[in-house]
Amino acid sequence: MNTVNTVNSVRTNSTRAAKGRPVAASEASGRSFASTSVPRHLARGAVGLGLIIGSVALLPALGPVSLLAAPLALVAFRGCPTCWLVGLAQTVSRGRLERRCADGVCTLTKADPW
């Protein structure tokens, strides 16, 4: 089933590229970890990191119960810390980079200013 979705996604992107419209990198991959703003994304990271540090630091005082905060960090990170870092890169580059595809070759270029 995933193969069919991937094929449809590629067809849609190649159709958009054939019409001269840029294809966003997040559209091409099908998954975006970006937030609406950089401060909001950094706040989510601070909450996630605080929960992980807190769950480990409170282990001697509270015992294994403190580890219940660790899954909440995954919710704040929207997955693993690597997913958060990818989202940070997507949030910072949003609107600044475009993926353009022509004749089966895709390149990453600066977005055209409005």
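I am working from a predicted model, where local features need pLDDT of at least 70, side-chain atom pairs count only at pLDDT 80 or more, and totals for chains, interfaces and linings use all residues. Residues are numbered from 1 along each chain as its sequence is written, and side-chain values use heavy atoms, with hydrogens and water left out.

Entry: α5. I looked up its buried residues (under 20% relative accessible area, 1.4 Å probe, protein chains only) and found Ala73, Ala76 and Phe77. They lie on the same side of α5 because they cover an arc of only 95° around the axis; the arc is taken from the directions from the helix axis to the C-beta atoms. An α-helix has 3.6 residues a turn, so residues three or four places apart point the same way. The buried residues of α5 pack against α3 and α6, with contact meaning heavy atoms within 4.5 Å. Helices are DSSP runs (H or I, at least four residues), as are strands (E, at least two), numbered from the N terminus.

Entry: positive phi. Just after α5, I noted Arg78 with a phi of about 60°. Arg78 sits in the loop between α5 (70–77) and α6 (81–93) and is partly exposed at 38% relative accessibility. Asp103 has a phi near 55°, in the loop between β1 (97–102) and β2 (105–110). Asp103 is exposed (over 50%; partly exposed is in between), at 82% relative accessibility.

Entry: Leu58. I placed Leu58 in the loop between α3 (38–57) and α4 (59–62). Leu58 is partly exposed, at a relative accessible area of 43%.
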